[in-house]
Amino acid sequence: MTQLPGIVITGASGRMGQMLIRTVAGSAKARLVGAVERTGHSWIGQDVGVAMGGAELGVSVTADAADAFSKAQAVIDFTAPEATLDFAAYAAQAGIVHVIGTTGFSDSQLEALKPAAQAAVIVRAGNMSLGVNLLTQLTRKVAAALDEDFDIEVVESHHNQKVDAPSGTALMLGQAAADGRGVALADVSDRGRDGITGARKRGDIGFAVIRGGDIVGEHDVMFAAAGERIILRHIATDRLVFARGALKAAVWGQGKTPGEYDMIDVLGL
């Protein structure tokens, strides 16, 4: 490729969308070539920089994702599962890299993404930051080293506008813990405690959720046994860490064989 890869941002008006637009527009590794919003949104037809309250960026917001993708080499998508499935089909048709930061997928929705990965590179992760992906690797190793005398609890905190729980990152960490122990997360996941629940089941991986204020993202993985606890923690204070990771994934995916990848692949971990 003789020029920098062109990138489209979906969900342009959202908090992550705007952060991604600023990150790509200011990057020396990629070009912003498209911004997508839902049909009827007030930003449609406006220059996205002006819509965000700043200077013109030379990119108009559109509701026509297929057209925008046809002019790009990658799309970065932090929207909602239903929208992401539609975008995956358009990305596959255009043969461009699809970076997915969307969370809250059901098992059936994840299965529905697979056909698109036969025609395009999909990089999907519950969290795009370097720190969280290192934490994922550490969680897997610690879980493998400790037996079921150590209870595993994943505690996550996010802002009060987040719509899915547990977070995609929490589930990613829970999966890493289950992988480390050689068990299926679905068989040991404890995601709801209210009332008289009885004693904690040995070997379960528990999830606790906090929502409040403007918390960007905090995740603890606690290994608790009689007399001692090990706590692995990651705290994000700025969404920029996710935007940088997503941009890295979009650039990394150029020229890769179609298929499903994650940030562990991107970061070479």
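## A buried glutamate and its partner

E37 is buried, with a relative accessible area of 7%. Here buried means under 20% relative accessible area, exposed means over 50%, and partly exposed lies in between (1.4 Å probe, protein chains only). E37 forms a salt bridge with R38, their closest N and O atoms being 3.6 Å apart. R38 is exposed, at 57% relative accessible area. A salt bridge is a side-chain nitrogen of Lys or Arg within 4 Å of a carboxyl oxygen of Asp or Glu.

This is a predicted model, in which local features need pLDDT of at least 70 and side-chain atom pairs count only at pLDDT 80 or more, while totals for chains, interfaces and linings use all residues. Residues are numbered from 1 along each chain as its sequence is written, and side-chain values use heavy atoms, leaving out hydrogens and water.

## The five-stranded sheet

Let's turn to the sheet. Five strands form an open sheet in the order β8-β9-β7-β10-β11, with mixed pairing. At its edges are β8 (189-190) and β11 (228-236), each pairing on one side only. Helices (H or I, at least four residues) and strands (E, at least two) are DSSP runs, numbered from the N terminus, and two strands pair if DSSP finds at least two bridges between them.

Strands β7 (residues 151-158) and β9 (residues 205-211) run parallel and are joined by seven bridges. S157 has I210 in β9 as its bridge partner. Helix α6 (residues 130-145) packs on the sheet and touches β7, β10 (217-225) and β11; contact means heavy atoms within 4.5 Å. The direction of α6 makes about 165° with that of β11, where axes are lines fitted to C-alpha atoms, for helices over the stretch in contact, and angles run from 0 to 180 degrees between N-to-C directions.

How many salt bridges does a search of the whole structure find? There are 13. In one of them, the side chains of E148 and R202 meet at 3.7 Å, N to O. This pair links distant parts of the chain, 54 residues apart: E148 sits in the loop between α6 and β7, and R202 in the loop between β8 and β9.

D220 and R233 also meet in a salt bridge, at 2.7 Å from N to O. D220 belongs to strand β10 and R233 to strand β11, 13 residues apart. D220 counts as buried at 15% relative accessibility, whereas R233 counts as exposed at 55%. Finally, a network of salt bridges links D151, E153, D190, R193 and R200.
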